[in-house]
Structure formats: structure tokens, C-alpha cells
Amino acid sequence: MSSAITEHRDETEHADHADEVRRLERREGWNRRLPILPALIFTIVVTQIPFLFTLFYSLTDWRIDTPEPREFIGFENYGALPDDKFFRDAAWVSVQMTVLAVLLSLIVGTALAILLDRKFFGQGFVRTLLITPFLVMPVVAGFLWKSQMFSATFGVLNWVLELFGFESIEFATKYPLASVVVVLVWQWSPFMMLIVLAGLQGQDTSVLEAARVDGATTVGIFRQITFPQLRPYLELGTLLGAIYLIQVYDHIDVITGGSPDSKNLPFYIAQRSIGGGNRFGLASSYSIVVVIASIIIANIGLRVLSGLLEDDS
Amino acid sequence: MAEVRYEAASRIYPGTEIPAVNALDLDIADGELLVLVGPSGSGKSTALRMLAGLETVNKGSIFINDVDVTLKPPQDRDIAMVFQNYALYPSMTVAENMGFALKQAGVSKEQRRAQVVEAARILDLEPYLDRKPKNLSGGQRQRVAMGRAIVRSPQVFLMDEPLSNLDAKLRVQTRTELADLQARLGVTMVYVTHDQVEAMTMGHRVAVLKDGLLQQVDTPRELYRRPANLFVAGFIGSPAMNLITVPVVDGAAQLGGLSVPLPDDVRAEVARRGLDEIIFGARPEHLALADVGASGEVAVVEELGSEAYIHVRVVHGQETEDVVVRVGGETAVKRGDQVSFGIAGATHFFDPGGDRLDGE
Ligand SMILES: Nc1ncnc2c1ncn2[C@@H]1O[C@H](COP(=O)(O)OP(=O)(O)OP(=O)(O)O)[C@@H](O)[C@H]1O
Ligand SMILES: [Mg+2]
């Protein structure tokens, strides 16, 4: 009898309690959501609404250099894309530029991080100096390199070449892709360096000491202990770097003006629309294709990355 | 198999003045398990790391098997070390962790596997060989760290508080297993701990450090019977020795009604130094309730079942002192009782500066 009564009481207490918990959880949910709401609304307004417009324009033949009204033409713009050789070229430049810039800045950044990850006099000062390229505006970086470094008449590089008795070279014209990549690497190495440095400094020093006691050489320790631990950081650097470097525009515009060998997709799309081409409908359809392709590639990339990560842990 | 010798070895960390380890002289015999014990910050880890080659020796030298290794890097010393946090290689499996040192030494894959499996068998780690360290319990990780050390049969084993991350029960169990393993392998081991019980139960000899200075090295029994100074007297033994500053009157130490006659050599030393106060030491187990003697009120009773420790508040001179006395488990003493106690075992006498008064 008495046990039945207690059971019954327990149940009601349970129910009351659950209600309270639900109420608290709801409130907690809003407490969390509310602060990010303005940012979320802002993001939706500035990214998703334009995206919907772009989607709409891509289905029209809108161009602003003829007086004809904007007409809905369905998927005609998309149909033209496979035949556009320039689109394919730009896509190939995009791939080369992104892959080269990400990989090289990752390598340079890692090397710098390893050098910085030891105590020496003036370490903080050197680190600040090394970070500065990342803080330079892209357009400024472009001008800086174009006029101070690459220029055939005033450039430092050509001055060095001439010192050694070589002909001077107009780098930006002769090697447009390489020139842009060099500047991108110069700007992005510090970023990679910071990420890798965080990884290096997050290492457990006693693990490295254990490896030394176990007889590993410095190179062996880096290869067998440090590098596997750095992998998530390298992957993060790759991901963030790729997101930014795939949309490079400023550097190209300033350094080469978008010569064929250095014209990537964003540059080409801009050229076909606001850059003088005025084919807004067509350019919009290209944008949409690029966005979808990027999302697909990014998703595959992320899945591969997280697969690797899980495998590791 | 190796002997280890510290010769006036000091470590002064950059930016500090006082040596963390100060002119340490220590001889460790082949196959010995020597425990370094001391309070936090006493330089135990530093002393161990000097032997491992992870810390520069600023003065003095260190020898392994009569070879001066003072300037040799860790990888040339043929030692294995177990770190307090185990320091397992996080990206490697248990087997890879244990085989790492062999791999560095260029041992073939099959040979490596065989040795790892053998060590895993000794340590009951066979089911876990393919797991990553983070998927192991604390005790298992500790054993992997051990395994990593024993796989390579080094000259010397170094252990820096390897049991401090385990729970009390596992710690006691592992402590026994470790001592047993050391005895079976017959390997020289230097073991660091801040726990004096661990030191006493495991060590063939125990070296007590304080502020970087070696206080005493001896067998656990001798440390207990004859602490060389006040610090060792207070540090070794659980519960701690009663250490009370008492006046000396007519060649006897006076403690609240109890008069403890000084042995001849102590009396001579007291006279030579012209002391009128000394520090009297007696372990709780060397005091016993008696009809006459020092008396006071019982302030606390720590009941342990088989025995009890009573804290007797003794008024002596201007001060009151709590003196801990061990009594049998069946003695009925309660808080607030008035009791008397007397000497029932060894007594120790120290200079107020901390030196033992009955010579070396
Ligand atoms: N890298 C360092 N730089 C400067 N001083 C240090 C350094 N490492 C240790 N010390 C100092 O050296 C002394 C001894 O340190 P050590 O780590 O050897 O102590 P320990 O006996 O192992 O203590 P614990 O039981 O807390 O581990 C301490 O006073 C400590 O502050
Ligand atoms: Mg320590």
C-alpha cells in the first residue's frame, strides 16, 4: 500500500519537474539564440537575398547596354556555358591559383612557424614583423609588388637580376599566374604561420621529451610526433585559405589587369558583367554554377578532411 | 644494468639564483630501486631530468656505469623515462607507442612486434595494442607508459611520480606491481614521488630532498629509526613524529610534567652547544598512555579501528602543544578526557637549528 502511494507521488513530482525543465530549456534556447539574431538577420539580408536575385537574373537575358526589356529565358544562359572556352580557361586558372597559393603559403608558413617556435631574443618583435604582410590591404599589396618588386624599370627583382648580369624581365607580363601567386603566398604565409604556430605551441612538451629519451632525432620527432599532431591545424589552414583564395580579385586586377593566364573565375564573371561585358544575366548564371560547384567541392573536401580527422583520433 | 652516480651535480634554471638541485651527491647501485622523495618544489623532478639529459647540469657531473654522461643528449644515455602525465604519443596506437624507441634504434618490424607483444603480456596490455591512448583508462595509460620503458631494456629506469594520476586503490596495487617488476627485471630504477608512504614501501633506499639539498639517503628502516635532521624526522612517518620545543633542566627534557632524561651523548652535545632548549621528537607509536607522565585533555580522537590516534593538548610553559599518541583500538578514550602518557619507545633530540644531537 504505502509503496504504491510513494510511487504515485514520485510520478507527479517527476511530471512537474519535467515541465519546469522544458520551460528552462526553452528559455535557455532563446537566451542563446537572441544575441546572434541580429547578425543572422544581417547575414541573410546581405548574402541570401542577393543570391536569390542572382538566381533570378540568371534566368533572364538582362544586359544593360541595350534598351530591350529584361526577358525571362529559362535555362538558356546555362546552356551556353559548356561552349564558353573562356569560362573553362578561367576555371583552370582558378584551380591552379588556389591550389598553388594554398600549398605554398602552407609550406612557407609552416617553416616560419617552426623557426618561431623556439625561444630567442626579440621573438615577439620578429613575430609581429612576420605577420604584417597579412595586414596589408590586397590592393596595396598588389601595387607594392607590381611597382616595387616586379617592375622592369624600378623593380627590386630586376635590379638583383641585373646585378648578376641577366636581362630584366617584366614579370607580371611574362609570368602573370606566377606573379599573382607569389604575392598571394607573401600575404597568406603569415596566416598559415599563425595557425601552425598555435598547433606547435599546443603540443605537450613532455611528449617531445619522451621522444628524445626514446632516441628520436630532431627530424624524426618532427616527422613522427609533431607532424601528425599538426594535421588538424594544417587542414584548417587549407580550408580557410582556400575559401579566401578562390575569390581573389584585387591582386589580379592590380598586378596583371586580368591577362588571360591569370584570369580566374571571379575576375571573368566580373568582366562579363560590371567590368564592361554588361551581360548580367549570363554572368549571373556563371556565378550560380561557380557557387554550386564550390559547395559541392567544399562538401567533399570537408568530408574527406573530417574523415581523416576521425581516423586520426 | 647500471650504476648511477651524481657528483656534486647542480642545476640552476636560467633567470634564477638559487639552484633547484644543489650539489647533489648520490650513488645508486646496480639493480637498486632508489626513491627520491621530498615536498613539492624540492627539486626531485629536476634531479631526475638531469639524469635523463633533459636538463642541463650547470655544475658537477653525472655518471652512468662510470661513463661521464653530463654532456650527452638523452638519446645517447640508454635510459627510459615514465612521465607523470605519461606523455604517450597521441597519434600512435599502444603498440606503436611501445615500439617507438625500438623503431628509432632500427630494430626490424618483426623483432619489434615480438618485443612489444612480450612486454604487453607482462603488463596485461595485449587486448589494447591497437587502441589509441585516448581510448584507454588512466591505469591502462600508465601501463602503456611502463611498457614503453620496459620494451627497450634500458640501463636505467626513471619514473617521475608515475602513480599520482591513479586513484588511491589502484595506486597501492600498482606500487606493489611496480616494485615486483623492478625486482624481476633487476634493472636500476630511480623513482620520484612526493608521497613518503610510497617512498618507504617501494625504495631499497630513499633519498630525501628539500630545497634542492639532499637531506639523507638511507634504507626506509634507518630513515624511520634515525632521521638525520628535523626535516627528515617530520617528513618520514605517518602520522608524523611529534616535534616539540622543550626546555632542558638538569639533563632532562621537560614536557608538561614528563621529564625525559637525555642520553649521555645528547647531554654532552647540549652542554657543548650551550643549549637550554631543544626539540624533542617521539613518534605517536612510541608514546603510550600511562598513570604518570605528561597529561592533558584529549582534543581529537582519530579512530582507525585497529588503533586510534589521540591528540592530547599538553600545557607546557606558556604554550599548549597537541601531542599525538597511538592507543590500541579497544582503548575507550573520548574527546574531553584527561589522560597522561609516557615514553614507550625511541626518542629523538634535535638542535633548534634542526641537527640531530646524538652524533652521526
Ligand atoms: N623551467 C624552470 N625554470 C625555472 N625554475 C624552475 C623550472 N622548473 C622548475 N623550477 C624550479 O625548480 C624547483 C624544483 O622544481 P622541481 O620541478 O624539480 O620540483 P619537484 O620536487 O619535482 O616538485 P613537485 O613535487 O611539485 O613536482 C622549484 O622551485 C621550481 O620552481
Ligand atoms: Mg616534479
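This is a predicted model: local features need pLDDT of at least 70, side-chain atom pairs count only at pLDDT 80 or more; totals for chains, interfaces and linings use all residues.
Residues are numbered from 1 along each chain as its sequence is written, and chains are lettered from A and ligands numbered from 1 in the order in which they are written. Local features need pLDDT of at least 70, side-chain atom pairs count only at pLDDT 80 or more, and totals for chains, interfaces and linings use all residues, while side-chain values use heavy atoms, with hydrogens and water left out.

**Chain A patch**

A nonpolar patch on the surface includes W30(A), I49(A) and F53(A), and its residues have about 1000 Å² of accessible area together. Patch residues have over 30% relative accessible area and no salt bridge; like charges are joined within 9 Å, nonpolar side chains (Val, Leu, Ile, Met, Phe, Trp, Tyr) within 5 Å. A salt bridge is a side-chain nitrogen of Lys or Arg within 4 Å of a carboxyl oxygen of Asp or Glu. Areas come from the Shrake-Rupley method with a 1.4 Å probe, and for residues only the protein chains shown count as cover. I49(A) lies in helix 1 (residues 2-57) of chain A; helices (H or I, at least four residues) and strands (E, at least two) are DSSP runs, numbered from the N terminus. I49(A) is partly exposed at 39% relative accessible area, where buried means under 20%, exposed over 50%, and partly exposed in between (1.4 Å probe, protein chains only).

**Chain B sheets**

Both sheets below are open and antiparallel; two strands pair if DSSP finds at least two bridges between them.

Helix 1 (residues 44-52) of chain B lies across strands 1, 2 and 4, at about 115° to strand 1. Contact means heavy atoms within 4.5 Å; axes are lines fitted to C-alpha atoms, for helices over the stretch in contact, and angles run from 0 to 180 degrees between N-to-C directions.

L255(B) stands opposite L258(B) in strand 13.

**A80(B)**

A80(B), in strand 6 (residues 79-82) of chain B, is buried, with a relative accessible area of 1%. Beyond its neighbours within four places in sequence, its contacts include V213(A), A149(B) and F157(B). A80(B) and R148(B) are 68 residues apart in sequence and 8.1 Å apart in space, C-alpha to C-alpha.
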